[in-house]
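Subject: Structure for you to look at

Hello,

Here is the structure I promised. Please open it alongside these notes.

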Amino acid sequence: MVTVELKAIIESLLLVADGPVQPDRVALILEIELEQAKELLQELQEDYEGAQRGFSLQLVDGGFQFRTRPEYAEWIRRFRKSRPFRFSRAGLETLAIVAYRQPVTRAEIDYLRGVDSGGVIRTLLDKRLVRILGKKDIPGKPLIYGTSREFLELFGLRDLSCLPTLKEFNDLPPDMLADMEMSDAGQPPLEEDSSS
């Protein structure tokens with residue numbers, strides 16, 4: 001098959017996929033070498049980046065996925081008639097602890113936050129941003145938590161190594177941090193579901 005036809009087939013696969021498509025899966029389906037699949041995906045990524053379209057091909061969670069460009073988020077929200085996804089302060093704190101300290105138990109999260117985090121963890125589990133990894137081999141066998149594939153997709157991360165480091169966060173200009181705090185103060189937090 002010629003490169004143009006292979007690219008068209010890959011585009012079709014990407015459009016019908018439920019999540020990011022791994023290069024090895026593309027190679028298997030198209031019966032081509034893994035390196036050729038990676039090259040074709042990278043060429044497609046460059047094609048879409050240069051085309052100035054409303055979407056791009058991004059590497060997310062080790063696979064490729066079509067994603068809308070962030071600058072068009074407001075238009076997409078209007079079309080879907082949905083509110084932007086916002087985290088409560090407790091939800092964001094808990095998610096950050098899980099992301100940076102995983103695998104982590106609820107007791108460890110509670111200790112770091114200084115308050116009970118059971119309801120917040122349940123909400124994050126319901127939203128599929130956090131998942132149960134197993135049980136820790138200590139007395140009581142507490143559940144251990146980690147981030148999910150949906151977490152990586154929501155934040156557009158290739159993998160956990162793409163999370164900003166504390167040094168990178170501390171290097172942000174003070175006025176940017178103040179702007180973030182002011183915009184956070186003006187936003188009502190999402191209420192945690194107390195019915196479950």
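Start with Glu31. Glu31 has a relative accessibility of 72%, so this residue counts as exposed. The cut-off for that class is over 50%. Keep in mind that this is a predicted model.

Glu31 sits in the loop between α2 and α3. The residue comes after α2. Its phi is positive, about 55 degrees, although Glu31 is not a glycine.

Now the helix before it. Helix α2 spans residues 23-30, and its buried residues are Pro23, Val26, Ala27 and Leu30. They lie on the same side of α2, because they cover an arc of only 100 degrees around the axis. What do the buried residues of α2 pack against? The partners are α1 (3-16), α3 (34-50) and β2 (63-68). On the face turned away from the buried side, Arg25 and Leu28 are exposed.

Arg25 turns up again in a pocket. The second largest pocket is lined by Leu13, Ala17, Gly19, Pro20, Val21, Gln22, Arg25 and Ile29. Its volume is about 150 Å³. The lining divides into five nonpolar residues, two polar and one charged.

Next, the strand pair β1 and β2. Strand β1 covers residues 55-60 and pairs with β2 in the antiparallel sense, over six bridges. Phe55 stands opposite Thr68 in β2. The two strands form a hairpin with two residues between them. In this hairpin Asp61 has a positive phi, near 55 degrees. Strand β2 is also among the elements that the buried residues of α2 pack against.

On to α5. This helix runs over residues 89-101 and contains Thr94. Is Thr94 buried or exposed? Thr94 counts as buried, because its relative accessibility is 1%. Which residues does Thr94 contact, leaving aside neighbours within four places in sequence? They are Ile109, Arg113, Ser117, Val120, Ile121 and Leu124.

Please check the loop between α5 and β3 as well. Pro103 is located there. The peptide bond from Gln102 to Pro103 is cis, with omega near -5 degrees.

Strand β5 covers residues 143-147, and four of its five residues are buried. Strand β3 (residues 104-105) pairs with β5 in the antiparallel sense over two bridges. Here Thr105 stands opposite Ile144. Strand β4 (residues 130-135) also pairs with β5 in the antiparallel sense, over five bridges. In that pairing, Val130 has Thr147 as its bridge partner. As a general point, side chains in a regular strand alternate between the two faces of the sheet.

Arg128 lies in the loop between α7 (118-126) and β4. Its phi is positive, near 60 degrees, and the residue is not a glycine.

For a quick look, I would go through these places in turn:

- Glu31, exposed at 72% relative accessibility.
- Thr94, buried at 1% relative accessibility.
- The cis peptide bond from Gln102 to Pro103.
- Arg128, with its positive phi near 60 degrees.
- Strand β5, paired with β3 and with β4.

Over to you.

Best wishes

How values were computed:
Residues numbered from 1 in each chain as written. Predicted model: local features only at pLDDT ≥ 70, side-chain atom pairs only at ≥ 80, totals over all residues. Heavy atoms only, no water. 1 Å grid on protein atoms, 1.4 Å probe; cavity = no way out; pocket = protein on both sides within 12 Å on 5 of 7 lines; lining within 4 Å. Points joined across faces, edges and corners; volume = space filled by probe spheres on them. Nonpolar A, V, L, I, M, F, W, Y, C, P; charged D, E, K, R; others polar. Buried < 20%, exposed > 50% of the residue type's maximum accessible area, 1.4 Å probe, protein only. Arc of directions from axis to C-beta. Contact = heavy atoms within 4.5 Å. Pairing = 2+ DSSP bridges.
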